[in-house]
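Subject: Handing over a structure, with notes

Dear colleague,

Please find below the structure I said I would pass on to you.

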Amino acid sequence: MPELPEVEVVRAGLEAHVSGRTIADVEVLHDRAIRRHELGAEDFTGRLSGTAITAARRRGKYLWLELSDGQAMLAHLGMSGQMLVQPDDAPDEKHLRVRFRFADNGPELRFVDQRTFGGLALAELTEVDGTALPSTIAHIARDPMDPRFDLDQAVRALRSRRTEVKRALLDQTLVSGIGNIYADEALWRSKLHWARPTDKLTAAHGRTVLTAASEVMAAALVAGGTSFDALYVNINGQSGYFDRSLDAYGQEGLPCGRCGTAIRRDPFMNRSSFSCPRCQPRPRVR
């Protein structure tokens with residue numbers, strides 16, 4: 001699933017191309033795309049028509065458009081969701097789910113989702129710690145790239161849990177935006193094994209791994225994110241290329257960039273975790 005850099009690439013594109021425009025009408029082509037909007041398609045389209053988009057926002061891996069009526073349209077990209085800006089005469093995509101036309105007759109906004117795990121929904125905005133968030137994601141923590149991110153507070157939260165460090169990094173209520181890819185990359189940079197107990201981490205270890213997560217996601221953002229297939233694209237349908245710079249994730253059997261030892265893959269939460277057996281030794285069983 002897309003992580004912070006991939007979502008930020010989409011957010012920046014939406015901010016540039018749809019912020020400040022007024023929605024003329026909305027066409028829902030597949031009801032599953034708005035299943036999280038409990039009042040249904042007629043309510044969804046009716047409330048959006050005539051409403052202006054005032055900003056494109058993000059927290060962690062969550063993306064939303066702020067609207068002139070004080071609400072937000074939250075977009076869950078899921079495994080294959082795409083927000084594309086297209087000329088109105090461009091052929092419809094095979095998996096087009098929702099179309100937004102604008103009052104200026106300019107390019108459309110299209111929500112395309114092959115696997116239909118993503119979706120759109122309207123939500124009320126609520127203030128949390130000085131920031132307006134859609135009410136449905138009010139529990140999501142700040143991410144390491146947020147200007148108001150408190151590193152020391154996040155380190156304390158990380159160390160207070162009795163779990164493995166990678167599980168804690170993936171907990172969006174502790175720190176948001178980090179998924180499987182960038183957790184592995186941050187742990188590799190920090191020389192920490194994914195199974196290291198969080199309650200055994202020093203404060204220095206906590207700061208190191210969270211700083212590494214911020215640095216690797218910043219580098220990925222410059223590269224347009226990480227794209228492993230055609231489903232991970234920006235608003236123009238272009239793929240990112242940070243996958244060429246990965247040190248651990250997906251590198252099973254390839255030499256570690258520090259010591260040359262073959263990268264190892266371990267089963268992890270129905271997924272995989274990649275690490276260097278030498279640089280990131282497994283912790284002893286307590």
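A charge is said to sit over a ring if NZ of Lys or CZ of Arg is within 6 Å of the ring centre and within 35 degrees of the ring normal. By that rule, the charged end of lysine 166 sits over the ring of phenylalanine 268, at 4.5 Å from its centre, and arginine 258 lies over the face of tryptophan 188, 3.8 Å from the ring centre.

Please keep in mind that this is a predicted model, in which local features need pLDDT of at least 70 and side-chain atom pairs count only at pLDDT 80 or more, while totals for chains, interfaces and linings use all residues. Residues are numbered from 1 along each chain as its sequence is written, and side-chain values use heavy atoms, with hydrogens and water left out.

Because tryptophan 194 lies in the loop between H5 and H6 and phenylalanine 268 in strand E10 (residues 264-268), the pair ties together parts that are 74 residues apart in sequence. Helices (H or I, at least four residues) and strands (E, at least two) are DSSP runs, numbered from the N terminus. Tryptophan 194 counts as buried at 9% relative accessibility, and phenylalanine 268 does so at 2%; buried means under 20% relative accessible area, exposed over 50% and partly exposed in between (1.4 Å probe, protein chains only).

The other pair joins tyrosine 249 and phenylalanine 274, whose ring centres are 5.2 Å apart with planes at 70°, so this pair is edge-to-face. Phenylalanine 274 is in strand E11 and tyrosine 249 in the loop between H6 and E10, so parts 25 residues apart in sequence are tied together. Strand E11 (residues 271-275) also holds serine 272, which counts as buried at 17% relative accessibility. Leaving aside neighbours within four places in sequence, serine 272 is in contact (heavy atoms within 4.5 Å) with Lys166, Asn180, Asp184, Arg265 and Asp266.

Turning to the sheet, five strands form an open, antiparallel one in the order E2-E3-E4-E8-E9, where two strands pair if DSSP finds at least two bridges between them. Its edge strands, each pairing on one side only, are E2 (53-59) and E9 (131-134). Strands E3 (residues 62-67) and E4 (residues 71-76) pair over four bridges, and leucine 65 has methionine 73 in E4 as its bridge partner.

Finally, the largest nonpolar core has 38 residues, and among the members that touch the most others are Leu169 and Leu210. Such a core is a set of buried Ala, Val, Leu, Ile, Met, Phe, Trp, Tyr and Cys residues joined through side-chain atoms within 4.5 Å. Helix H6 (203-222) is one of the elements that give two or more residues to this core, and H6 gives the most, with seven. A second, separate core of 28 residues includes Ile23, Val26, Phe44 and Ile53.

With best wishes

Note on methods:
Phe/Tyr/Trp six-rings, centres within 6.5 Å; stacked < 30°, edge-to-face > 60°.
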